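Please look at the sequence and the structure below before reading on. The explanation refers to both.

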Amino acid sequence: MATVTPSDVLEYRKPSDTFLCPISANSYSIEFLSFVISDYETKKTIFEVGKDIPAPVGMEMDFDYSSAAPDEAFRRIKYTFSEDVLRLPLVGTSLVFSIGDEPLPEFRMIERHYFRSKLVKSYDFNFGFCIPGSTNTWDSVYALPPLEDDMIQDMVQSPFETTSDRCVGVAVAVGVGVKM
């Protein structure tokens with residue numbers, strides 16, 4: 001599999017068809033333990049996923065077990081958001097992850113969100129250095145782009161046409177690809 005750089009990922013104009021690297025490329029033993037999305041103003045949880053956390057009531061979460069590699073099922077999540085969530089100006093996120101025995105230099109994550117293969121929003125986060133053997137929590141506030149009413153209705157009516165690529169990398173090469 002060819003090396004993919006963050007610059008390559010930032011040039012993508014549509015979601016990737018596959019993961020950018022196999023799960024075996026996770027040489028730093030990065031493990032995502034939980035991820036929470038909340039309404040920034042009210043702090044109400046919109047979406048929460050984690051090793052031992054059930055899906056919120058009313059939230060469909062579908063792990064794709066049809067993949068050839070069993071570990072791939074947990075790298076792909078389907079979720080739906082209601083119209084009121086799509087109209088929020090700000091959301092908060094909290095990501096908890098652990099690092100293996102090696103120091104992790106220049107940890108970076110790029111998220112690209114698409115609807116019907118059109119880029120809606122792109123985020124580029126730099127975590128910096130992560131201590132070996134550590135568990136880390138990273139909180140962020142996202143300013144959501146205002147969406148046209150027609151697009152919101154289309155997104156609500158066709159929730160699985162909204163896709164996200166999350167590319168996690170170390171230094172120059174992309175280290176772990178996650179599709180959500």
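The paragraphs below start with one serine and its surroundings, and then turn to aromatic rings.

This is a predicted model. Begin with Ser 38, which is found in strand β1 (residues 31–39). Its relative accessibility is 14%, and buried means under 20%, so Ser 38 counts as buried. Which residues is Ser 38 in contact with, leaving aside its neighbours within four places in sequence? They are Lys 43, Lys 44, Thr 45, Ile 46, Val 91 and Gly 92. One of these, Val 91, is 53 residues away from Ser 38 along the chain, yet the C-alpha atoms of the two are separated by 5.6 Å. The charged end of Lys 43 sits over the ring of Tyr 40, at 4.0 Å from the ring centre.

Now turn to rings that pair with each other. The whole structure has 9 aromatic pairs. One of them joins Phe 97 and Phe 107 in a tilted arrangement, with 5.2 Å from centre to centre and 55° between the planes. Phe 97 belongs to strand β5 (residues 90–98) and Phe 107 to strand β6 (residues 104–115), and the two are 10 residues apart. Both of these residues are buried.

Phe 125 and Tyr 142 have ring centres 5.7 Å apart and planes at 75°, so this pair is edge-to-face. Because Phe 125 lies in strand β7 (residues 118–130) and Tyr 142 in strand β8 (residues 135–143), the pair ties together parts that are 17 residues apart in sequence. Phe 125 and Tyr 142 are buried.

Terms used: Residues numbered from 1 in each chain as written. Predicted model: local features only at pLDDT ≥ 70, side-chain atom pairs only at ≥ 80, totals over all residues. Heavy atoms only, no water. Helix = DSSP H or I, 4+ residues; strand = E, 2+ residues; numbered from the N terminus. Buried < 20%, exposed > 50% of the residue type's maximum accessible area, 1.4 Å probe, protein only. Contact = heavy atoms within 4.5 Å. Phe/Tyr/Trp six-rings, centres within 6.5 Å; stacked < 30°, edge-to-face > 60°. Lys NZ or Arg CZ within 6 Å of the ring centre and 35° of its normal.
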